[in-house]
Amino acid sequence: MPANQTVDPEDIAELIGRCKLAVSVSEFHGSLVGYLSAGGHFPHGAVLEALSLEPDVTPTPDEQAMLTRLRHQTEEWLSDPELTFSPWLPDEDAPVPERAEGLIDWIHGFIGGLGLGGSLERSQAMSDDAKEVLKDMVSIAAAEFEFDVDDDVNDESLIELEEFVRAGAMLLHAELSRASRPANDTLH
């Protein structure tokens, strides 16, 4: 895979399977986004180590490079003023229960990544809106979904939740990454 090629969920699914990581693609991506949002640092560039994921099989140098590209790609998408960021969730053609499970996995990963990458002081400095978004995300992750007999209603409800989580992740990233910058914003 060339150095500038975009990493996609299928690439990470292969890595997860080969290295026998105990996460889904959605949870992995949520962890990375949460970790980045909280201002986490990557020791020696090791993404799996930073996310506290222990592979049974060590990633190859090409896979390590792919993880580094994914990290940079995700940082760019989260900071993009065009709002191109989107959580990695099951395809919209997947059954609604599978999509709901993917959303819950993503949120669990995100919350865990926030905890791994952040500091208590930074999270206490969040705005009331950001605190409310985080509280709502925790509630969504803890909810048991009850599906309507009408799949269109289920689909609409799930799309609304997915958009809330997407926007919430971008808000939290913007706030927490701003809080992790030095108070003096003079460029050198």
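1. A residue is called buried here when its relative accessible area is under 20%, exposed when it is over 50%, and partly exposed in between, with a 1.4 Å probe and protein chains only. By that definition, buried residues make up 41% of the 188 residues in the protein chain. The model is predicted, so local features need pLDDT of at least 70 and side-chain atom pairs count only at pLDDT 80 or more, while totals for chains, interfaces and linings use all residues. Residues are numbered from 1 along each chain as its sequence is written, and side-chain values use heavy atoms, with hydrogens and water left out.

2. On the overall fold, the protein chain has 8 helices and 0 strands, where helices (H or I, at least four residues) and strands (E, at least two) are DSSP runs numbered from the N terminus. The pattern read along the sequence is accordingly α-α-α-α-α-α-α-α. Of the contacts (heavy atoms within 4.5 Å) with a separation of 6 or more, 76% are between residues 24 or more positions apart. The accessible surface of the protein chain, computed by the Shrake-Rupley method with a 1.4 Å probe (for residues, only the protein chains shown count as cover), comes to about 10,700 Å², and 51% of it belongs to carbon and sulfur atoms.

3. The structure holds 4 aromatic pairs. Rings of Phe, Tyr and Trp (its six-membered ring) pair if their centres lie within 6.5 Å, and planes under 30 degrees apart count as stacked, over 60 as edge-to-face and the rest as tilted. Tyr 35 and Phe 42 form an edge-to-face pair, at 5.0 Å centre to centre and with 65 degrees between the planes, and both Tyr 35 and Phe 42 are buried.

4. The pair of Phe 85 and Trp 106 is tilted, because the ring centres are 6.3 Å apart and the planes stand at 50 degrees. This pair links distant parts of the chain, since Phe 85 is in the loop between helix H4 (61-79) and helix H5 (96-117) whereas Trp 106 is in helix H5, 21 residues apart. Phe 85 counts as buried because its relative accessibility is 1%, and Trp 106 is buried with a relative accessible area of 0%. Ring pairs link Phe 85, Trp 106 and Phe 110 into a cluster.

5. Leu 48, which lies in helix H3 (residues 47-50), is buried, with a relative accessible area of 5%. Leaving aside residues up to four places away in sequence, Leu 48 touches Leu 21, Phe 28, Leu 53, Pro 55, Pro 59 and Leu 67. The C-alpha atoms of Leu 48 and Phe 28 are separated by 9.5 Å, and the two residues are 20 residues apart along the chain.

6. The second largest pocket is lined by Ser 86, Pro 87, Leu 89, Pro 90, Asp 91, Glu 92, Arg 99, Glu 162, Glu 163 and Arg 166. Its lining residues divide into 3 nonpolar, 1 polar and 6 charged, where Ala, Val, Leu, Ile, Met, Phe, Trp, Tyr, Cys and Pro count as nonpolar, Asp, Glu, Lys and Arg as charged, and the others, Gly among them, as polar. A pocket is, on a 1 Å grid over the protein atoms alone, an open set of points where a 1.4 Å probe fits, with protein on both sides within 12 Å along at least five of seven lines, and lining residues have an atom within 4 Å of a point.

7. Helix H8 (residues 151-179) gives the most to this lining, with 3 residues. Glu 162 lies in helix H8 and is buried, with a relative accessible area of 15%. Not counting residues up to four places away in sequence, Glu 162 touches Leu 89, Arg 99 and Leu 103.
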